[in-house]
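Trainee: I have a new model open and would like to talk it through with you. Can we go over it piece by piece?

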Amino acid sequence: MLFNSISFALFLPIVFILYWFATNGNLRLQNILLFISSYFFLRLLGLQIFILLIFSTLLDYFSGIKMHEAKNQNLKRFWFWMSIGINFRISWRFQIL
């Protein structure tokens, strides 16, 4: 599914309507809906990109946890730059940037 396809022209209004009307302003449900619909959309672009997205999401999530648990500023910086470095290397390797 591409942004200029008919299927996206149908997908976007459905997500938009669900976001504003089916969730009744519940921020948690809205975030879950956007998360699931984003992953669904990106899965349709290709399996390789989808797997890289899942890896990057997990890497950033656990790096964020480690940054939160870190006692000193240098350790926080380490986890921050490690996450950025790995994400940049992956995107460069697979020519996503």
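**A residue in helix 2 and the wider fold**

Mentor: Let us begin with Leu 45, which is found in helix 2, and keep in mind throughout that this is a predicted model.

Trainee: Okay, is Leu 45 buried, partly exposed or exposed?

Mentor: Leu 45 is partly exposed, because its relative accessible area is 36%, and that value falls in the range between under 20% for buried and over 50% for exposed.

Trainee: And how far is Leu 45 from Leu 2, in sequence and in space?

Mentor: The two are 43 residues apart in sequence, while their C-alpha atoms are 7.4 Å apart in space.

Trainee: Stepping back, how many helices and strands are there?

Mentor: The protein has four helices and zero strands, so that, read from the N terminus, the order of elements is α-α-α-α.

Trainee: What about the overall dimensions, say the radius of gyration?

Mentor: The radius of gyration is 17 Å, whereas a compact globule of 97 residues would have one near 13 Å. Along the principal axes, the C-alpha atoms fill a box of roughly 45 × 35 × 15 Å.

Trainee: What share of the residues counts as buried?

Mentor: Of the 97 residues, 23% count as buried. The protein exposes about 7700 Å², and carbon and sulfur atoms supply 72% of that area.

Trainee: And what share of the contacts comes from residues 24 or more positions apart?

Mentor: If you take the contacts with a separation of 6 or more, residues 24 or more positions apart account for 40% of them.

Trainee: Switching to the surface, which residues form the nonpolar patch?

Mentor: The patch is formed by Phe 16, Ile 17, Trp 20 and Phe 21, which together have about 490 Å² of accessible area. One of these, Phe 21, is found in helix 1, which covers residues 6-22.

Trainee: Why does Phe 21 count as exposed?

Mentor: Phe 21 counts as exposed because its relative accessible area is 59%, and the cut-off for that class is over 50%.

Trainee: What lies between helix 1 and helix 2?

Mentor: There is a loop there, and Asn 24 lies in it. Asn 24 is a residue other than glycine with a positive phi, near 50°, and at 67% relative accessibility it counts as exposed.

Trainee: Now for Ser 63, where is it, and is it buried or exposed?

Mentor: Ser 63 has its place in helix 3, which spans residues 47-69, and it is buried, with a relative accessible area of 2%.

Trainee: What lies 2.8 Å from a polar atom of the Ser 63 side chain?

Mentor: That is the backbone oxygen of Leu 59.

Trainee: And which residues does Ser 63 touch if you leave out those up to four places away in sequence?

Mentor: With that exclusion, Ser 63 touches Trp 79, Met 82 and Ser 83.

Trainee: Which helix holds Ser 83, and why does it count as buried?

Mentor: Ser 83 is found in helix 4, residues 73-93, and it counts as buried because its relative accessibility is 8%, where the limit is under 20%.

Trainee: Last one, what does Ile 86 touch?

Mentor: Ile 86, whose place is also in helix 4, touches Phe 55 and Leu 59, not counting residues up to four places away in sequence. As for its accessibility, Ile 86 is partly exposed, with a relative accessible area of 29%.

Key: Residues numbered from 1 in each chain as written. Predicted model: local features only at pLDDT ≥ 70, side-chain atom pairs only at ≥ 80, totals over all residues. Heavy atoms only, no water. Helix = DSSP H or I, 4+ residues; strand = E, 2+ residues; numbered from the N terminus. Rg over C-alpha atoms; globule rule 2.2 N^0.38 Å. Buried < 20%, exposed > 50% of the residue type's maximum accessible area, 1.4 Å probe, protein only. Contact = heavy atoms within 4.5 Å. Areas by Shrake-Rupley, 256 points an atom, 1.4 Å probe, with all protein chains shown as cover. Patch = residues over 30% accessible without salt bridge, like charges linked within 9 Å, V, L, I, M, F, W, Y side chains within 5 Å. Salt bridge = Lys/Arg side-chain N within 4 Å of Asp/Glu carboxyl O. Polar contact = N/O pair within 3.5 Å; in protein donor to acceptor, adjacent residues only side chain to side chain.
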